[in-house]
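Reader: I am new to this structure. Please show me how to read its features, one at a time.

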Amino acid sequence: MNEKNSLLAEFEGVVSGHRDGHGFVVRDDGQADIYLPSNEMRAVLHKDRVKARIVRQDRKGRPEGRVTEIIERSKSPIIGRLLQESGVWLVAPEDKRYGQDVLIPKGATGSAKPGQVVVVELTEPPALYGQPVGRVKEVLGEIDDPGMEIEIAVRKYGVPHEFSDAATAQARALPDHVRSSDHKNRVDLRDVPLVTIDGEDARDFDDAVYCEPAKVGRGKGWRLLVAIADVSHYVQTGSAIDVDAYERATSVYFPRRVIPMLPEKLSNGLCSLNPGVERLCMVCDMLVNAKGEVHAYQFYPAVMFSHARFTYTEVAAILQNTRGPEAAQRKPLIPYLLNLHDVYRALLAARNARGAVDFETTETQIVCDESGRIEKIVPRTRNDAHKLIEEAMLAANVCSADFISQGKHVGLFRVHEGPTPEKQDILRNYLKAMGVSQTISDNPQPAEFQQIAAATKDRPEAQQIHTMLLRSMQQAIYTPMNQGHFGLAFEAYTHFTSPIRRYPDLLVHRVIKAILAQQRYQLPALPTPGEAHAKLSKRLASRAKPPVAGEPVKKISADTLAWQAAGLHCSANERRADEASRDVEAWLKCKYMREHLGEEFSGVVSSVTSFGLFVTLDAMYVEGLVHITELGGEYFRFDEARQELRGERTGIRYALGTRVQVQVSRVDLDGRRIDFRLVTGEDDLLLRAMRDKTGGPGAAGDGDASTGRGGKARRNRPSEGASKPRPASAADALVQEVKASVKRAASKKSARGNARPSAGKVRKGRR
């Protein structure tokens, strides 16, 4: 399309507001977003569907547009605080992307009081010369009420949090325990000492395990049983509970609260494999050989009796010391735990042999008090008990994928594709810039990533290299098109082991049962996919490979299309749940860090962007932004290949893994943002700059990347004044430059105080 035609063309898309007042039209065709200046945002709101025309290129080279038609107003409720200013009632949206306050007529405030958090329904949309008008639909309470951050998040992200009356009534009518009639056509495993192993705070138990030595072929091996709660026995296709479960697609986990996919009577009661009670289950019964390969398997429905509820900590202690106090209390079950540990080591060896990706990353857990306030943030440590259960679940998931494939039945696979060509190029350039001798091929395999991780694990910058390896991965999705799981190095993989909290697992159970009965499972008439589904569908469509000329286009059956829609829905709602959880965690962390304003902490650079550094604190595991204006009064270039910012004159570098000292300078609770100020002594700056310039001792040993330039220059404005004559030596020049840089930064900080320029946080990839 030529330039003239592109200026006449109209494009449909959804408005995405920005907290600074401007916005973008996210185009349906997946092309570059159209920038909307603040004056164009007056008549529209975040999430409105519009038509827009490109009118020019802005100074940053972005297509700038004008809204030509508002196709559909967003039906999403707006959450905010009710305020009264000069006799006028208004609601200030909690999500700053809305950009405008909502006027509330006097009779439309309901029972809400000033300062309370409310949900608003719009009655009049915004116009060029008028604010939006609405009425208070729901009062959530005071901003400091315990759990308020969760109440806001579930509404902000559209997470269903109340079961329908029909689903509630159906759950109430279910029995309280397994009936004798439910045993029909099931294998009786009540005498098999199956046990559950979960975290201390777990409330629903999806899976139980058992292992015994067995002869496999001509050699030694194990019989491994993975028993999974049989949710499909109680949740019938198309029932009221099933409709609600599909709409949610997943349980959502917040600190101190879970919004379950199933009513509590099922999730914590009838389906949960609680100790000492009969439960219905679906079993994956496997024979594993000494090499950790699944030699044979079978699936069957059963009735079981959990002989113990173990925690990961308890099992790890028993495996470490079979004569310790923990082991003394569980003596009859110790041989079975040792069998599980033996099969785990064999499965782990098989995992290493196939080259599955396994980077050690630090996950954190927020510990709250009774009022919901953060007491501390602690790292989650993965011990052998965690890994033991993980390997057993992986084995069962692989068997379920194989069973569906062998049965030639459509189902949902968990697909994780390799890195895109663009991410491959970025990774290759980064590895080259970092002096890593290994790289990835044009068609990379998981083993290549694992080899690079192993080869660099002892380098000072190992953490940043492994972070880049991880970020090059794509997100996994649910789809009926099996394309394997790249990260786990499986040709086919699905989710079978958590039907209490994941809808795809429930569908897999139904398909397995249908194959066992030599039938076909038919999906129910599914509700219309939501906004999250549409967004993900467009993103995946933009990544799809165009058809090859001359090759026939494969026709997709209506059945497969229905499964595709179900997979997209579940994938999108998985992301929605993650976003809502992250939003709540960010809110809690901001509230936590408000108590530490002005305090100094050590940390490590966890992300580098053109506008600054994200730093994660060592002791608190909290991330905040050091804006580029806090890095001194000189030009900084962002080098994407090395993932670093580099000062042009002093040579000071900030890269992934660089250790820094920061001060908490500002906390924006509404924006979920924490700002840090760099605390660097003048002597430290001089030492680092001299070391980088001259290649002196420790030049590459402090986590900095090697020298190099690239990207766009960013800087603070240097202070006005006459230029000084150049010193006689290069060393003197460097010293004076650094000193001047420090002084300029110090003077700007004192003048600026806590004022901070705004910058959006870079979104990180997730496995």
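Author: We will go through confidence, strands, a helix, ring pairs and salt bridges. Keep in mind that this is a predicted model.

Reader: What pLDDT does the chain average?

Author: The chain averages a pLDDT of 84, and 84% of the residues score at least 70.

Reader: Where does the pLDDT stay under 50?

Author: Start with the general idea. Where pLDDT is low, the predicted coordinates should not be read in detail. Here, residues 693-735 stay under 50, and the model has 86 contacts beyond four places in sequence for them. Residues 745-767 are also below 50, with 53 contacts beyond near neighbours in sequence.

Reader: Now the strands. How many bridges join E6 and E7?

Author: In a regular strand the side chains alternate between the two faces of the sheet. Strand E6 (residues 78-85) pairs with E7 over six bridges, in the antiparallel sense. Glu85 stands opposite Val88 in E7. Two residues lie between the strands of this hairpin, and Ser86 takes a positive phi near 55° there.

Reader: Which residue stands opposite Leu90?

Author: That is Leu103 in E8. E7 and strand E8 (residues 102-104) are antiparallel too, with three bridges.

Reader: Is E7 mostly covered or mostly open?

Author: Mostly covered. Five of the six residues of strand E7 (residues 88-93) are buried.

Reader: How many residues of helix H12 are buried?

Author: Eight of the ten residues in H12 (residues 462-471) are buried. Among them are Ile465, Met468 and Leu469, but also His466 and Arg471. The cover includes helix H10 (421-433), helix H11 (446-456), strand E24 (600-609) and strand E29 (653-655).

Reader: How many aromatic pairs does the structure hold?

Author: A pair of aromatic rings is described by the distance of the centres and the angle of the planes. This structure holds twelve such pairs. Take Phe490 and Tyr493: they are stacked, at 5.6 Å centre to centre with 10° between the planes. Both Phe490 and Tyr493 are buried.

Reader: Why is the pair of Tyr521 and Trp563 edge-to-face?

Author: Look at the angle. The planes of Tyr521 and Trp563 stand at 65°, over the 60 degrees that edge-to-face requires. Their ring centres are 6.2 Å apart. Tyr521 sits in the loop between helix H13 (503-516) and helix H14 (531-543), and Trp563 in helix H15 (residues 558-593), so the pair ties together parts 42 residues apart in sequence. Both Tyr521 and Trp563 are buried.

Reader: Which residues do ring pairs link into a cluster?

Author: Tyr297, Phe299, Phe403 and Phe496.

Reader: What sits over the ring of Phe310?

Author: The charged end of Arg330, 4.4 Å from the ring centre. Arg330 also forms a salt bridge with Glu314, with the closest N and O atoms 2.7 Å apart. Arg330 lies in the loop between helix H7 (325-329) and helix H8 (334-354), and Glu314 in helix H6 (residues 312-320), so this pair ties together parts 16 residues apart in sequence.

Reader: Is Arg330 buried or partly exposed?

Author: Buried means under 20% relative accessible area. Arg330 has 21%, so it counts as partly exposed. Glu314 has 16%, so it counts as buried.

Reader: How many salt bridges does the structure hold?

Author: Side chains of opposite charge can pair when their charged atoms come close. The structure holds 48 salt bridges. One of them joins Arg49 and Glu12, at 3.5 Å from N to O. Arg49 is in strand E4 (residues 49-57) and Glu12 in strand E1 (residues 10-17), 37 residues apart.

Reader: Which residues are linked in a network of salt bridges?

Author: Glu94, Lys156, Asp583 and Arg672.

Methods. Residues are numbered from 1 along each chain as its sequence is written. This is a predicted model: local features need pLDDT of at least 70, side-chain atom pairs count only at pLDDT 80 or more; totals for chains, interfaces and linings use all residues. Side-chain values use heavy atoms; hydrogens and water are left out. Buried means under 20% relative accessible area, exposed over 50%, partly exposed in between (1.4 Å probe, protein chains only). Helices (H or I, at least four residues) and strands (E, at least two) are DSSP runs, numbered from the N terminus. Contact means heavy atoms within 4.5 Å. Two strands pair if DSSP finds at least two bridges between them. Rings of Phe, Tyr and Trp (its six-membered ring) pair if their centres lie within 6.5 Å; planes under 30 degrees apart count as stacked, over 60 as edge-to-face and the rest as tilted. A charge sits over a ring if NZ of Lys or CZ of Arg is within 6 Å of the ring centre and within 35 degrees of the ring normal. pLDDT is the predictor's confidence in each residue, from 0 to 100. A salt bridge is a side-chain nitrogen of Lys or Arg within 4 Å of a carboxyl oxygen of Asp or Glu.
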